[in-house]
Amino acid sequence: MSQTFGKTRWKRFALVMVPSIAATAAIGVSLASNALAASFSVSGQDFKVTTARLDGKNFAQFGGVDFEVNGTPHPIAISTFDEATINNLCQSVKTNLGPLGYWTLVLNAGGDPKKPVTAKNLILDVAELKADAEFTNINIGQDASTLGHKEGDSIDVVRKQGKLPTGAQGFAQAADRAVLSDVKQTAWATTAGTFTLNGLKLNIKKGSGEGVECYMPEAG
């Protein structure tokens with residue numbers, strides 16, 4: 001297993017080789033790490049997230065698949081943090097209300113630098129990500145089955161969910177610390193042991209797209 005010590009900076013690095021950040025779609029999650037659901041089916045509706053800065057401890061990332069109730073699969077990059085601090089969080093999800101058209105739920109939190117969003121055992125199921133990233137003591141190519149630090153940490157939760165791959169399918173990377181800035185992400189799901197949304201603001205806006213959702217992916 002190769003090791004790279006010190007700090008590594010990757011600017012605008014691609015999906016799977018860069019960690020990610022998302023807000024949970026279920027607001028107010030506050031569960032003990034050993035009480036998290038073993039698994040759940042995703043809704044089939046992804047959501048967009050931006051944040052000015054994420055500072056995460058004991059980061060890991062590897063591939064996986066989420067499934068809808070009807071069995072539809074969604075390839076994902078699973079990113080985990082034992083602890084994370086998040087500044088200027090925005091989450092948006094659009095919904096088609098039929099005759100009422102599209103409406104978008106927008107959540108903002110952590111705007112005060114002295115009161116950021118905090119999370120423990122943060123697990124992110126990500127479809128797309130762009131960010132500036134800095135890693136401390138990173139290992140690339142580690143087998144996912146060898147990840148983890150202790151019982152009850154974020155990797156232990158994923159292992160109990162049965163979503164920790166091994167062998168050739170278990171290609172992973174891990175770092176003592178990951179700092180991301182200018183994050184733009186699309187995700188299918190997020191879980192956390194605790195998720196504290198300081199300065200929470202929630203709005204329901206008519207329409208979708210540019211100027212309504214947190215961001216719009218670049219064409220191509």
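This briefing describes the fold, confidence, packing and selected local features of one protein chain.

The model is predicted: local features require a pLDDT of at least 70, side-chain atom pairs count only at pLDDT 80 or more, and totals for chains, interfaces and linings use all residues. Residues are numbered from 1 along each chain as its sequence is written, and side-chain values use heavy atoms, with hydrogens and water left out. The protein chain contains one helix and nine strands, helices (H or I, at least four residues) and strands (E, at least two) being DSSP runs numbered from the N terminus. In sequence order, these elements follow the pattern β-β-β-β-β-β-α-β-β-β.

**Confidence**

- The mean pLDDT of the protein chain is 82, and 81% of the residues score at least 70; pLDDT is the predictor's confidence in each residue, from 0 to 100.
- Among the elements, strand β1 (residues 4–11) has the lowest mean pLDDT, 51, whereas β5 has the highest, 94.
- Residues 1–5 stay under 50 in pLDDT, and the model gives them 10 contacts beyond four places in sequence, a contact meaning heavy atoms within 4.5 Å.
- The pLDDT is also below 50 over residues 10–38, a stretch with 101 contacts in the model beyond near neighbours in sequence.

**Overall packing**

- Of the 220 residues in the protein chain, 47% count as buried; buried means under 20% relative accessible area, exposed over 50%, and partly exposed in between (1.4 Å probe, protein chains only).
- The protein chain exposes about 10,700 Å², of which carbon and sulfur atoms supply 54%; accessible areas come from the Shrake-Rupley method with a 1.4 Å probe, and for residues only the protein chains shown count as cover.
- Among contacts with a separation of 6 or more, 84% link residues 24 or more positions apart.

**Nonpolar cores**

- The largest nonpolar core has 29 residues, and F81, L122 and F195 have the most contacts inside it; such a core is a set of buried Ala, Val, Leu, Ile, Met, Phe, Trp, Tyr and Cys residues joined through side-chain atoms within 4.5 Å.
- Strands β2, β3, β4, β5, β6 and β7 each supply at least two residues of this core, with the largest share, 10 residues, coming from β6.
- A second, separate core of 16 residues includes A60, I123, I155 and V158.
- In soluble globular proteins, nonpolar side chains tend to be buried together.

**The helix**

- Helix α1 (residues 154–161) is mostly covered, with six of its eight residues buried.
- These buried residues are S154, I155, D156, V157, V158 and Q161, and their cover includes β2 (47–67), β3 (73–87), β6 (117–143) and β7 (171–191).
- At the N-terminal end, D153 caps α1 through a side-chain oxygen 3.3 Å from the backbone nitrogen of I155.
- After α1 comes G162, which has a positive phi near 75°.

**Strand pairing around β4**

- Strand β4 (residues 89–96) pairs with β2 in the antiparallel sense over three bridges; two strands pair if DSSP finds at least two bridges between them.
- Within this part of the structure, K48 has S92 in β4 as its bridge partner.
- Strand β4 also runs antiparallel to strand β5 (residues 102–109), and eight bridges join them; W103 in β5 is the bridge partner of T95.
- The β4 and β5 strands form a hairpin with five residues between them, and G98 in the turn has a positive phi of about 65°.

**Individual residues**

- Most residues other than glycine have a negative phi, and most peptide bonds are trans.
- N88, a residue other than glycine, has a positive phi near 55°; N88 lies in the loop between β3 and β4 and counts as partly exposed because its relative accessibility is 41%.
- N121 is likewise not a glycine and has a positive phi of about 50°; N121 lies in strand β6 and counts as buried because its relative accessibility is 8%.
- L200 is found in the loop between β8 (194–196) and β9 (201–206) and, at 39% relative accessibility, counts as partly exposed.
- Although L200 and G110 are 90 residues apart along the chain, their C-alpha atoms are separated by 7.4 Å.

Notes:
Polar contact = N/O pair within 3.5 Å; in protein donor to acceptor, adjacent residues only side chain to side chain.
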